[in-house]
Amino acid sequence: MDSLKLINIGFGSMAAAGRMVAAISPDSAPVKRMIQDSRERGNLIDATYGRRTRAVLVMDSGHVILSAVPPETIAGRMAGRAEKTTGDEDRDEE
């Protein structure tokens with residue numbers, strides 16, 4: 001049986017690492033359309049807790065997760081690299 005690896009995507013929220021297809025920046029128009037389409041289909045999960053969206057996680061189930069943690073940080077967590085806690089995710093960015 002495969003073990004389920006959960007990664008922290010910010011503010012105590014977790015996502016299944018093995019189900020993640022991509023962690024991308026939310027800045028481009030195609031990604032913004034993907035977010036809007038997911039919202040309309042009911043497949044959008046907003047895990048930003050009101051903060052600025054810094055990463056869009058695409059899951060193999062078709063769900064899209066919004067995170068306030070940058071894609072580089074999420075990739076590092078998936079790779080198992082140890083990180084220094086800076087408290088950056090607690091800043092309220094506008």
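Leaving aside its neighbours within four places in sequence, which residues is Ala15 in contact with?

Author: Leaving those neighbours aside, Ala15 is in contact with Lys5, Leu6, Ile7, Ile9, Met20, Met59 and Ile65, where contact means heavy atoms within 4.5 Å. This is a predicted model, in which local features need pLDDT of at least 70 and side-chain atom pairs count only at pLDDT 80 or more, while totals for chains, interfaces and linings use all residues. Residues are numbered from 1 along each chain as its sequence is written, and side-chain values use heavy atoms, with hydrogens and water left out.

Ala15 belongs to the largest nonpolar core, which has twelve residues: Ile7, Ile9, Ala15, Ala17, Met20, Ala47, Ala55, Leu57, Met59, Ile65, Val69 and Ile74. A nonpolar core is a set of buried Ala, Val, Leu, Ile, Met, Phe, Trp, Tyr and Cys residues joined through side-chain atoms within 4.5 Å. Buried stands for under 20% relative accessible area, exposed for over 50%, and partly exposed for what lies in between (1.4 Å probe, protein chains only). Two or more residues of this core come from each of E1 and strand E5 (55-59); E5 gives the most, with three residues. Apart from this core lies another, of five residues, among them Ile35, Val56, Val64 and Leu66.

One member of the twelve-residue core, Ala55, lies in strand E5. Ala55 is buried, with a relative accessible area of 0%. Not counting residues up to four places away in sequence, Ala55 touches Ile24, Pro26, Ile65, Leu66, Ser67, Val69, Pro70, Pro71 and Ile74. Ala55 and Ala22 are 33 residues apart along the chain, and their C-alpha atoms are separated by 9.7 Å.

Next, the surface. Leu4 lies in the segment before strand E1 (6-10) and is exposed, with a relative accessible area of 64%.

The structure also holds one salt bridge, that is, a side-chain nitrogen of Lys or Arg within 4 Å of a carboxyl oxygen of Asp or Glu. The side chains of Arg19 and Asp60 meet in it, at 2.7 Å from N to O. Arg19 lies in the loop between strand E2 (13-16) and strand E3 (20-24), and Asp60 in the loop between E5 and strand E6 (64-67), so the pair ties together parts that are 41 residues apart in sequence. Arg19 is partly exposed at 43% relative accessibility, and Asp60 is partly exposed as well, at 45%.

As for the whole chain, there are two helices and six strands, running β-β-β-α-β-β-β-α from the N terminus on. Helices (H or I, at least four residues) and strands (E, at least two) are DSSP runs, numbered from the N terminus. Buried residues make up 33% of the 94 residues.

The chain averages a pLDDT of 88, and 84% of the residues score at least 70; pLDDT is the predictor's confidence in each residue, from 0 to 100. Over residues 84-94, pLDDT stays under 50.
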